[in-house]
Amino acid sequence: MELRAVRGMKDILPPESWDWQWLETCFREIAERYGFGEARTPLLEATQLFVREIGEGTDVVEKEMYSFERHSDHLTVRPEGTAGAARAYVQNSVSGREPVTRWYYIGPMFRAERPAKGRYRQFHQAGCEIYGDEGPVCDAEIIALCADVIEAVGVDGYSIHINSLGSGDTRERYRDALVKHFLPLKDQLSEESQRRVETNPLRILDSKSKADQALAEDAPSVLDILDDADRAHFDGLRRHLDALGIDYIVDHKLVRGLDYYTRTLFELKTTSDALGAQSTLVGGGRYDKMVESLGHKKPVPAIGFAMGLERILSLVQSPAEVPKPACYFAPMMPEAQGLALQLAHRLRKAGHYCEVDGRGLSVRAMMRRANGFDSRLCVLIGEDELAKETVTVKDLARREQESLTLGDDFVGRIEAMLARPRSEDGAETDG
RNA sequence: GUGGGUGUAGCUCAGUGGUAGAGCACUGGAUUGUGGCUCCAGUUGUCGGGGGUUCAAUUCCCCUCAUCCACCCCA
């Protein structure tokens, strides 16, 4: 086979796709309870949108984007959903129509990373964004929503981590404080982090290197240099989470790789080690500057998150079941195939799932397959049936069969059979 | 981008320096037109690709590709 899926991209096929639909439905239902409506934005955006909003120095922009030039347009297949949603919010003048906007999205994102467990080059995120509410009530709602989804789909153990990056010049002041802390220790840091001292000292905080972690223990906390307003905001968030009974961990070392975050920052991580290094299931935070930076005339506060659907699916057991046919048609000779097709058509119009076996195999093989589908009924049509203008309908659950005429009441007769208990004693009924 | 593991039938995997096996699945039959259990029979492989060593390579060596995992980064 010479034509394969592109590296890091995989096909989602039945029966796995049933699990995906289930997860997406869980997410939609919960998001809609919180007042979110779906925003479907293009997969392709101007490269500049991501360069400016995610940040020029970030790994995502620097080396992971699928970018190309088409005529004179510089385009990028979206590596995340927030920037595109914010662009749509500004472009469509949504702030003029409503004071607060709540959008959710579900879809593929693209990053050219080296594939690993729970990480693909085309991966899928579901996320929410709120524009026009500076919180912290909606910050708490957003985190509650994430927890609701994670719990609804049955993730076993998870923890919620929160932090605040402050606003205004807090980030810069904190950065300076970190440089002051790490610079004298530079030669004790890992090779990777030695470079970060100058470029991105925040990232040293979540380094996996043991040495870095030890040195980060005594690093100044961003929470100590928040100004009064930022502190009040963060305390407000904590109060609301407490009121909701949501457990969380304040982690001043929580930082994120995208530059656009301000104030509230949070992650939901699995406590199982099933995902290896990819333990973050949900990441989000506030990005109060983005809308304005996109050219909107006034600042609009915003908060959002994205959850990694592959990661969540790999942790949960989907209850999704492959649909079972009501009726499996097994024409025993070519002349009976047309009738089978017509009868199936009538049942399908009436809302029933039917299978028609047109392979011309032995009755045994067709029955086996009907059984493999766990079909409730199997309709056999052969020479006798054609001659008498009837069909033989076998109830595979009750192990009995009868002959049905093909009058107007055919659909009704089949429905009556479907409505019977699966066994004589009536204990179980066909859901 | 760096490091490691794996690549044998449709699937899951055994195996050997002398050109390959099991289970599952599939098809036929035991039941001339009737399923889930059982039994019998049968189909399928360029042993990832290329090169080298050898009388002989699926097996040993090198390269390459794919894949998985770790680092990095992120959801």
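**Reading helices and domains in a predicted model**

Author: Chain A is assigned domain 1 (16-166 + 226-313) and domain 2 (327-419), with bounds taken from an automatic or database domain assignment. This is a predicted model, in which local features need pLDDT of at least 70 and side-chain atom pairs count only at pLDDT 80 or more, while totals for chains, interfaces and linings use all residues. Residues are numbered from 1 along each chain as its sequence is written, chains are lettered from A, and side-chain values use heavy atoms, with hydrogens and water left out.

Reader: What separates the centres of domain 1 and domain 2?

Author: The distance is 50 Å, taken over C-alpha atoms.

Reader: Let's turn to single helices. How many residues does helix α1 have, and what span does it reach?

Author: Helices are DSSP runs (H or I, at least four residues) and strands likewise (E, at least two), numbered from the N terminus. The expected span is 1.5 Å times one less than the number of residues. Helix α1 (residues 16-33) has 18 residues and reaches 27 Å from first to last C-alpha, close to the expected 26 Å.

Reader: Which residues of α1 are buried?

Author: Buried means under 20% relative accessible area, exposed over 50%, and partly exposed in between (1.4 Å probe, protein chains only). In α1 the buried residues are S17, W20, W22, L23, C26, F27, I30 and A31. They pack against β5 (101-110), β6 (122-131), α5 (137-152), β11 (302-308) and α11 (309-315), where contact means heavy atoms within 4.5 Å. Just after α1, G35 takes a positive phi of about 90 degrees.

Reader: How should I read a pair of packed helices, and at what angle do α2 and α4 pack?

Author: Two packed helices are described by the angle between their axes and the distance between the axes. Axes are lines fitted to C-alpha atoms, for helices over the stretch in contact, and angles run from 0 to 180 degrees between N-to-C directions. Helix α2 (residues 47-54) packs on helix α4 (residues 82-91) at about 105 degrees, with axes 10 Å apart. So α2 is roughly perpendicular to α4 (65 to 115 degrees; under 35 is roughly parallel, over 145 roughly antiparallel, the rest oblique). L49, F50 and E53 of α2 meet A83, G84 and R87 of α4.

Reader: And where is S93?

Author: S93 lies in the loop between α4 and β5, and is partly exposed, with a relative accessible area of 45%.
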